[in-house]
Structures are given as structure tokens and as C-alpha cells.
Amino acid sequence: MTGTADVGRRVLMITGAIDTTDHDVSVSVNLPEPGRWQVIKAETNLTDQTWVAMQAVMDEDSTFLDDEMLMSPQFSKSFMTPDARRLTFYDGEVRPGETVLKTYSMETSGRKPTYFYSRYSPIATDSAEQSQQTLDELVTNGMSQRPVVELIVPVTVL
């Protein structure tokens with residue numbers, strides 16, 4: 001993964017690929033300065049599973065902002081917890097080989113925010129009703145943390 005920060009516009013662009021199904025991904029970025037940032041994040045699904053929900057959980061020094069930047073064309077719904085630290089995109093899918101685009105704003109008091117990404121893929125043996133019930137519970141209660149792959153994303157400053 002790699003990132004670019006446009007300091008004048010306060011935009012952080014991150015791109016890369018995910019090739020693990022058994023791990024969550026912890027992403028740390030080195031920002032040029034703390035504060036409010038609009039994030040544009042694109043990643044390719046290099047797994048053999050279809051993702052039907054994606055969750056991000058911010059560290060204790062950062063929060064998501066519920067503004068016009070909050071969207072993903074691949075998912076029609078999003079859910080943010082009242083403390084604005086967990087954001088879930090759902091009601092859509094990202095198939096193997098496809099790219100997902102997410103945009104959101106974040107506020108951070110530090111220069112090195114960290115967040116954890118989790119993805120949910122339905123279990124092949126579950127019925128459609130079971131998969132929907134599991135998804136509803138995951139959106140409401142959050143996804144359980146799995147073993148983590150840690151990434152430090154290099155950021156080029158414009």
C-alpha cells in the first residue's frame with residue numbers, strides 16, 4: 001500500500017491490495033500534520049472470497065466524521081458507531097479481482113493514526129437468511145478481531 005497527502009486540500013489518498021482472508025489489516029499512516037483529513041482509499045480484493053461488508057476501527061486518538069465524504073460505490077449503506085470510532089460499509093459486494101473505493105473524513109490529534117480493517121464474506125454453507133442475520137449482527141455489534149497483519153503506509157507529501 002502507498003499513500004499521497006495533499007496538504008493544501010487536506011486529502012489523503014491510499015491505494016493497495018489485500019490478499020489475506022484469515023487476518024485483519026492494521027494500517028498506520030504518517031501524516032504531515034494532525035487534524036481533519038479527507039481520505040480516499042482504493043484497494044483490490046486479491047482473495048478468493050467475495051466481501052459483503054468492510055469495517056474500519058480507528059485508534060483512540062482518531063474519529064470518523066459523518067459528512068458528505070462518507071461513501072463507497074460498492075456498498076449502498078454505512079453504519080457509524082456513536083463514538084465515531086467504528087465505520088462499517090455494507091449492502092453490496094466486492095468480488096475477487098475487483099477494487100473497492102471508500103471515501104470518508106477523519107479527525108486525528110496525532111500524526112500517525114492507525115486503524116484496523118476487517119472484511120466479512122458469507123460462509124458458503126449458510127443459507128441466505130443465516131448470512132443476512134450474521135451480517136446484521138456484525139454491523140450492529142462489530143466484527144470480532146482476528147489475527148492482524150500490520151502495515152505502515154509510506155505517504156508522499158504534495
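This is a predicted model: local features need pLDDT of at least 70, side-chain atom pairs count only at pLDDT 80 or more; totals for chains, interfaces and linings use all residues.
Me: How many helices and strands are in the protein, and what makes a run count as one?
Reply: The protein has one helix and twelve strands. These are DSSP runs, numbered from the N terminus: a helix is H or I with at least four residues, and a strand is E with at least two. Along the sequence the pattern reads β-β-β-β-β-β-β-β-β-β-α-β-β.

Me: How do you know whether the radius of gyration agrees with a compact globule?
Reply: The radius is taken over C-alpha atoms, and the globule rule is 2.2 Å times the number of residues to the power 0.38. For 158 residues a compact globule would come out near 15 Å, and the protein has 15 Å, so the two agree. The C-alpha atoms fill a box of roughly 50 × 30 × 30 Å along the principal axes.

Me: Why is Lys 102 called buried?
Reply: Buried means under 20% relative accessible area, exposed means over 50%, and partly exposed lies in between (1.4 Å probe, protein chains only). Lys 102 has a relative accessible area of 1%, so Lys 102 is buried. Glu 43 is at 2% and therefore counts as buried too. Of the 158 residues of the protein, 45% count as buried.

Me: What are Arg 95 and Glu 93 called on this scale, buried or partly exposed?
Reply: Arg 95 has a relative accessible area of 46%, so Arg 95 is partly exposed. Glu 93, at 32%, is therefore partly exposed as well.

Me: Which salt bridges does Glu 43 make?
Reply: Glu 43 meets Lys 41 at 2.3 Å, N to O, and Lys 102 at 3.1 Å, N to O. Lys 102 lies in strand S9 and Glu 43 in strand S4, so that pair ties together parts that are 59 residues apart in sequence. Lys 41 is buried, as is Glu 43.

Me: How do you know that strand S10 pairs with S3 and S5?
Reply: Two strands pair if DSSP finds at least two bridges between them. S3 (residues 24-29) and S10 have four bridges, in the antiparallel sense, and one of the facing pairs is Ser 26 with Phe 116. S5 (residues 51-58) and S10 have six bridges, also antiparallel, and there Gln 55 has Ser 118 as its bridge partner. S10 itself (residues 114-120) is mostly covered, with six of its seven residues buried.

Me: What makes a group of residues a nonpolar core, and how many residues does the largest one have?
Reply: A nonpolar core is a set of buried Ala, Val, Leu, Ile, Met, Phe, Trp, Tyr and Cys residues joined through side-chain atoms within 4.5 Å. The largest has 29 residues, and Leu 12, Val 29 and Tyr 104 have the most contacts inside it. S5 gives the most to this core, with four residues. A second, separate core has eight residues, including Tyr 90, Tyr 120, Leu 135 and Val 139.

Me: Which residues count as contacts of Tyr 104 beyond its neighbours in sequence?
Reply: Contact means heavy atoms within 4.5 Å. Leaving aside neighbours within four places in sequence, Tyr 104 is in contact with residues including Trp 37, Phe 64, Leu 87 and Tyr 117.

Me: What makes the phi of Ala 84 worth a mention?
Reply: Most residues other than glycine have a negative phi. Ala 84 is not a glycine, yet its phi is positive, about 60°. Ala 84 sits in the loop between S7 and S8, and at 13% relative accessibility Ala 84 counts as buried.

How values were computed:
Residues are numbered from 1 along each chain as its sequence is written. Side-chain values use heavy atoms; hydrogens and water are left out. A salt bridge is a side-chain nitrogen of Lys or Arg within 4 Å of a carboxyl oxygen of Asp or Glu.
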